[in-house]
Amino acid sequence: MYSYDEFDRDYVKNRVAIFRDQVARRVSGALTEDEFKPLRLQNGIYLQLHAYMLRVAIPYGTLNSAQMRQLAMIAEKWDKGYGHFTTRQNIQYNWPKLVDLPDILDALADVEMHAIQTSGNCIRNVTADHFAGAAADEVEDPRPAAELLRQWSTDHPEFAFLPRKFKIAVTGSPNDRAVIKAHDIGLRVLRDDAGEVGYQVIVGGGLGRTPVVGETIREFLPKEHLLAYCEAILRVYNLHGRRDNKYKARIKILVMEEGLESFRDQVEAEFASLLEVHNGPSLIPDPAVVARIEAAFAPPPFEDLPDSDAGYEARLAEDEDFARWCATNLTAHRQQGYAIASISLKPVGAAPGDASADQMRVVADLAERYSFDELRVSHEQNLILPHVAKRDLPAVYDALREAELATANIGLIGDIIACPGLDYCALATARSIPIAQDIAQHFSDPDYSRLIGDMKIKISGCINSCGHHHVGHIGILGLDRAGRENYQITIGGDHTESLKMGQRLGRGFDAEEVVPAIEQLVQTYFSLRESEAETFLQVVERAGTQPFKDALYPAKEPADAG
Amino acid sequence: MPKPAKPQIASANDLLEGHVLYLSRDGEWTPDRHSAFVSSDADEIAALADKASSNRQVVDVAFIEVALADDGDPRPVALREVIRDRGPTIRTDLGRQADHTIQHGQARNV
C-alpha cells in the first residue's frame with residue numbers, strides 16, 4: 001500500500017494547522033460565515049440537516065487496518081459511534097462538532113488520511129475498482145495510476161476552482177466495476193496490439209440531473225502520458241466549461257454542446273502543446289516516482305497454495321449458511337488458493353453503507369490477520385477483504401457472523417445502494433434509506449432472493465443521483481411531489497462496461513407503494529424469463545420495458561357509455 | 001386577492017455544534033421549538049433574527065412554514081423540516097428526538 005512521503009505528511013499536517021486557525025477565527029468572530037464556508041468545504045465539512053458532516057477521502061477505496069481502526073476511533077470519540085461508507089468509496093461522519101474537527105483531521109493525518117478535496121469544484125477523490133490488485137480478470141492494478149492522479153490533482157493550483165466538481169475513476173479490468181463511463185474522466189487499463197500497457201480514456205460521463213454515458217476520447221493512451229492528457233482535458237474544460245449555469249457546468253454538458261470530435265480536437269491540440277511547447281516534460285512522471293508508487297502496490301507475499309482447501313470444502317459441505325455466503329460474497333482471485341471476500345454492509349434492517357465502530361474494528365482485525373492488512377471500500381457501499389486464503393474463509397466467516405457482518409446478499413436484491421436521502425442530506429427531496437430497508441425486508445428470504453438472482457437496485461433521494469439510480473437494474477428516484485415523497489422507478493440501467501441509463505416506467509409511487517411495485521416487477525420478470533439463468537437485466541433488454549409498464553400500470557377499463 | 005401569509009418561524013444551526021436551533025420570542029436562539037417566535041410577517045421575523053443577541057453563533061438562518069397546533073405549538077409543515085426537527089427517521093436514537101424532554105410522534109411515519 002502507498003505510504004506518505006515527507007512532502008505528503010507535511011502538506012496534510014500543515015493543512016490541519018491552517019484549518020485549526022480558521023476555525024478559531026470563525027469562533028472568535030474574526031471570520032464571517034460567508035468567509036468561512038468555502039474554507040470548511042475545502043476540508044470536506046458540510047452542514048447537513050441535523051449537524052455538520054465530515055466526508056473523509058479513502059483514496060481509490062484502499063485502506064489498511066490501522067486506518068480503519070482510526071476511523072472507528074473517530075466514530076466513537078467524536079461522532080455517534082458509526083460511519084457511513086459512500087458510493088464514492090469515502091466515509092462520512094454525520095454528527096461532528098465544528099470545534100472538534102481540527103482534532104479529527106489531525107487524527108486522520110496521523111494515519112495518512114484527510115478530507116481535502118472531498119467537496120468543492122475541484123478534482124475529487126479518485127476512485128477505482130474495489131477488487132484492484134486481486135481480481136482474476138485484471139490487466140494491471142489500476143491503483144498506481146489512481147495514486148499518480150491523486151498526487152497530481154491534490155492542491156493543483158490551476159484546477160482548484162473548476163466550473164464544477166470533477167470525478168475520475170480507473171479500472172484495470174475489461175469488466176468495469178468502477179462505473180468509469182459515468183465519470184468526468186474514466187480510465188481503463190488495457191494492452192495495445194504490441195502488448196504495451198496504456199489507457200482507454202473516456203470523457204464526459206455522469207449521472208445527476210443530466211445522465212450521460214461517457215464517450216471514448218482516446219482508444220489508447222501510452223502510460224507515460226496519463227497526466228499530460230488529463231491536464232489537457234482539464235484545461236479545455238476549465239476554459240470553456242459553463243460557469244454561467246451551475247446545472248450546465250459539468251464537463252459532460254461541454255462535450256455534448258461542442259460535440260466529441262470538436263472537444264477531442266481541442267484536447268489533442270492542448271496535449272500536443274503541453275508536450276512540445278510549454279513545460280511538457282514536467283508532466284511526464286519521473287520514472288523513479290512511478291517505480292516507487294508501483295512498488296507500493298506490488299502483490300503481497302502470497303503463499304503457494306493448492307486451488308482449494310480440505311477444511312474449507314468440508315465446511316462448504318456441512319454448513320448451508322456458510323455455503324450460501326461463499327456462493328454470493330466470494331469472487332475469483334488472481335492467485336490460486338485465495339478468494340476476494342466481500343463484506344455486506346446491507347444486513348436486513350440496516351442503513352446501506354453504515355458500519356459501527358465495533359464492526360470497523362472487527363473488519364480491521366480480519367484484514368490484519370487474514371488479508372495482508374488490506375481493505376477496500378466499494379462504490380456499492382460494501383467492504384472487501386481482497387486477499388483471503390481459502391483455508392481461512394471459515395474463520396473469517398465466523399468472525400463476520402459474530403459481528404453481524406455475514407449477510408449473504410452481494411449482488412442480490414438486498415444489496416441495495418442508497419444515498420443518505422432526506423434522513424440526513426440537506427439537498428434531498430425524499431428519503432432513501434427507509435425504502436431500501438423496506439425492500440430488503442420484503443425480499444429477506446435468502447432462497448427467494450437467490451431465485452431472483454443478479455439484481456442491482458439503486459436509490460437516490462434527489463435528482464443529484466448519489467445513489468446511482470440511473471444505472472440500477474431497478475432505479476428508484478425519490479422526489480417531493482406537492483409535499484409528499486414520491487418515487488419514480490426506472491428499469492434496465494447497467495453500471496458495467498456496457499453502461500446504460502434505465503428507462504422510466506411511468507408515474508411515481510407513494511412510499512408505501514414502492515415495495516409492491518418492485519414485487520410486481522419481479523413477478524413480471526419471472527413470467528418472462530426463459531430460464532433461471534436469464535437475469536432481470538437480460539429480460540429487460542430482450543423483452544423491452546413495455547411488459548413491465550403493463551404490469552405496473554394496467555390499462556383502465558373503458559368508461560361505461562351506458 | 002393575495003393569499004394570506006402563512007405562519008413562520010426562524011431556524012438555524014448552532015455554529016459550534018451544528019444542531020438545530022429556533023429563534024425564541026425573547027430573541028434568543030434556543031433548541032426549544034415550542035418557544036419559537038411565530039409570525040406571518042417574514043420581515044418581522046427577519047428583524048428579530050437580526051437583533052438576536054447570539055446571532056454570531058448560528059449559521060444557515062432560514063424561515064420555515066409552521067402550522068399551529070391547538071395548544072399553539074408551531075409544528076413544521078415540510079417533511080424536510082419535520083425530519084430536521086426530530087432527527088433521522090431510521091435512527092430514533094439520534095438527533096433531537098433522542099432528547100426525551102422533547103415530545104415527538106412516531107418518527108418513521110412523519
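**View 1. Parallel pairing of strands E6 and E7 in chain A of a predicted model.** Strand E6 (residues 127-128) runs parallel to strand E7 of chain A, and two bridges join them. Strands pair if DSSP finds at least two bridges between them; strands (E, at least two residues) and helices (H or I, at least four) are DSSP runs, numbered from the N terminus. A:Thr127 stands opposite A:Ala169 in E7. Residues are numbered from 1 along each chain as its sequence is written, and chains are lettered from A and ligands numbered from 1 in the order in which they are written. In this predicted model, local features need pLDDT of at least 70 and side-chain atom pairs count only at pLDDT 80 or more, whereas totals for chains, interfaces and linings use all residues.

**View 2. The β-α-β unit of E6, H5 and E7 in chain A.** A crossover is right-handed if, with the strands pointing away from the viewer, the path from the first strand over the helix to the second runs clockwise.

**View 3. Strands E7 and E8 of chain A.** Four bridges join E7 to strand E8 (residues 185-191), and the two run parallel. A:Ile168 stands opposite A:Ile185 in E8.

**View 4. Side chains of strand E7 (residues 168-171) of chain A.** A:Ile168 and A:Val170 point one way, A:Ala169 and A:Thr171 the other way, and all are buried (20 or more other C-beta atoms, placed from the backbone, within 10 Å of the residue's own). In a regular strand the side chains alternate between the two faces of the sheet. Buried residues make up 52% of the 562 residues in chain A.

Note on methods:
A residue is buried if 20 or more other C-beta atoms lie within 10 Å of its own, exposed if 12 or fewer, and partly exposed in between; C-beta atoms are placed from the backbone.
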